[in-house]
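Colleague: Could you take a close look at the aromatic rings in this model and describe how they are arranged?

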Amino acid sequence: MTVTYTARVANARFCGFSKLLLAWKGSIYKVLYKEFLAFFAMYTAISITYRFVLYDDQKRYFEKLAIYCNHYASLIPMSFVLGFYVTLVVNRWWSQYTSIPLPDRLMCVLSGGLQGSDERGRLLRRTMMRYASLSALLILRSVSTAVFKRFPTMDHVVEAGFMSREERKKFESLHSPYNKFWIPCVWFTNLAAVARCEGRIKDDHTLTLLLEELNGFRGKCSMLFHYDMISVPLVYTQVVTLAVYSFFLVCLIGRQFLDPNQGYPGHDLDLYVPIFTLLQFFFYAGWLKVAEQLINPFGEDDDDFETNWLIDRNFQVSMMAVDEMYGDLPMMERDRYWNDSNPRPPYTAATLFVLRKPSFQGSTFDMAIPKEEMHFQPLEDIAENMEESSSYHPNMVLFNRLLNTAPSPTGLMGGALRRTSAQLQRLRHSPSIDQCTSDDDDDDDESVKIGKGGSLPSGLGQDTQSTVCSVRDEKGLRTPLLEVQFGANTERQCHSVFNEKKEMSEVEEKSYEELYIREEREEVESTVGEIQAPSSRLLRPPQSSRETSTGSASAIPFTSRHRSAFTFHPAADSSLEHCSSQPAINHNRAVPTIPKPPLGGNKKSFLTVPSHNEPQRFRSVSMGSELTGS
């Protein structure tokens, strides 16, 4: 029987494996003690020869040889070669055990599928089950030395009752140069077909299930045969064996204690007994013995499979299941918990501690959550938070930090980058409200405000020549968009500002940059929670003539006290979505005629915002070389 110590290590204790070190059957001492004594005897013989037999010149030569062997012994890859080989053998060993055919599934299907309590039905069930056991016996007899010693000839198989004499004659009359362990399985299928024709197997589904279980049983028999035929490649086994043996043969010379008087490095002590060399031999050689014992578990070692016990157990259990237990049912009665909705089996005094443990309800059952975070939030707030999170980019903080730590720009590109940073900050604080502004020639103070949001300049780059304000109507509870009105005396100037190009001088640009930076600092210091954000406008640098440049500087936003060219009048909450800048594509394209506003007032309507009832769409206002609509 295989050495079993599972109960002795059921509980982890202090030095739990220490008791196992004293076992002899199946131990490493029993397997390795002969090789260990041989290695120690050879080491002792070489040591005595070196110390008492060799002359001084011979000792010096032996000492050089020992140092050489000890230096190059580490080149043998012992751990890699041996460890991989043992892992392969252990996996193969367990796979062979799972391939041993067990009749439990087959006998259950046969007992429930083949009906008939008469002698004919009993004979069919017992004969079919005996054929399955005979097939397993034949394959185990072919691969296991222990089973072959028990059943050396077919006469022993017949005498043991696994096969009748007529069946033996039939078996031997079927000539085949290969192993004929599968013949009883074919006899099983033929009997199953006969039982189906006689009506003892009620339907084809039961017959199919029975044959599927038989094929699984026969497949395991075939796997045992293939494991026996296909071994671990011999070259691998030879490599591992040669590596271990050659390593310790070199250690017999290289691990000798040399004369300390000679002053060799690492040879200051003379202990006579190589303790760590013996331990290394015990571990590596024992590892090789493990592979040697597990590579064929169908032998007669202490830890090999008990195949003869398996044959006895399988045959007895299968016969009892299909014969004595067929139709044998205990009388049904009510169980003792018939009227108990919460049945609790009793505990002994040794297991009473289990009741003191609370029942496991899940890893989050005792998790604590603050009370203020347990309330459900309105869907409107959740939608608003989602809009804010979607408009906020995670790299915004890093981008602003890089711009703030950079040196103060002096050129036109530097000013544009600082203005872009301020615009991004406004987007972060008020992502749902945008606005567009334009510059004006006048010096009057007039704010451009949209609802409750912050101001957003319309120009983000130097080459921007058209500012597009996209307005979208939202259905629901929101009010219509704002009405954009322009001054009557500035309509002609807006066209001239965005149609003509001139370079801005460095002095003028620098002055406007300083003005813009000063204005931005005032905005930052102002209160964040104001109802209306600071106004943002597009300034046009002063020029000597009436012509205004529409180059890269014309689209750059500035916050100024100049009078704006157009003004937004908030009637209610705005649904203005975004304000973007678009470069002009064709400068030679004719500008569409803008309808003149009515003459009734100073402010004239330029864009009429659609009402709620109209379908959702986008409107664009383009000021510059072309008029674009979305």
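Modeller: Tyr72 is partly exposed in this predicted model, its relative accessible area being 41%. The ring of Tyr72 is paired with that of Tyr68, and because the planes stand at 50° to each other, with the centres 4.8 Å apart, the pair is classed as tilted. Both residues belong to helix H2, which covers residues 56-72, and since they are 4 residues apart there, about one helical turn separates Tyr68 from Tyr72.

A tilted pair is also formed by Phe162 and Phe315, with 4.7 Å from centre to centre and 50° between the planes. Here Phe162 lies in the loop between helix H7 (154-159) and helix H8 (165-173), whereas Phe315 is in helix H13 (residues 307-324), so the contact ties together parts that are 153 residues apart in sequence. Phe162 counts as buried, at 6% relative accessibility, because the limit for that class is under 20%; Phe315, with a relative accessible area of 23%, is partly exposed.

Across the whole structure, the search finds 24 aromatic pairs. Ring pairs also join residues into a cluster, whose members are Tyr29, Phe36, Phe39, Phe247, Phe248, Phe281, Phe282, Phe283 and Tyr284.

Aromatic rings meet charged side chains as well: the charged end of Arg125 is placed over the ring of Tyr326, at 3.5 Å from the centre of that ring, and Lys180 lies over the face of Phe171, 4.6 Å from the ring centre.

Key: Residues are numbered from 1 along each chain as its sequence is written. This is a predicted model: local features need pLDDT of at least 70, side-chain atom pairs count only at pLDDT 80 or more; totals for chains, interfaces and linings use all residues. Side-chain values use heavy atoms; hydrogens and water are left out. Rings of Phe, Tyr and Trp (its six-membered ring) pair if their centres lie within 6.5 Å; planes under 30 degrees apart count as stacked, over 60 as edge-to-face and the rest as tilted. Helices (H or I, at least four residues) and strands (E, at least two) are DSSP runs, numbered from the N terminus. Buried means under 20% relative accessible area, exposed over 50%, partly exposed in between (1.4 Å probe, protein chains only). A charge sits over a ring if NZ of Lys or CZ of Arg is within 6 Å of the ring centre and within 35 degrees of the ring normal.
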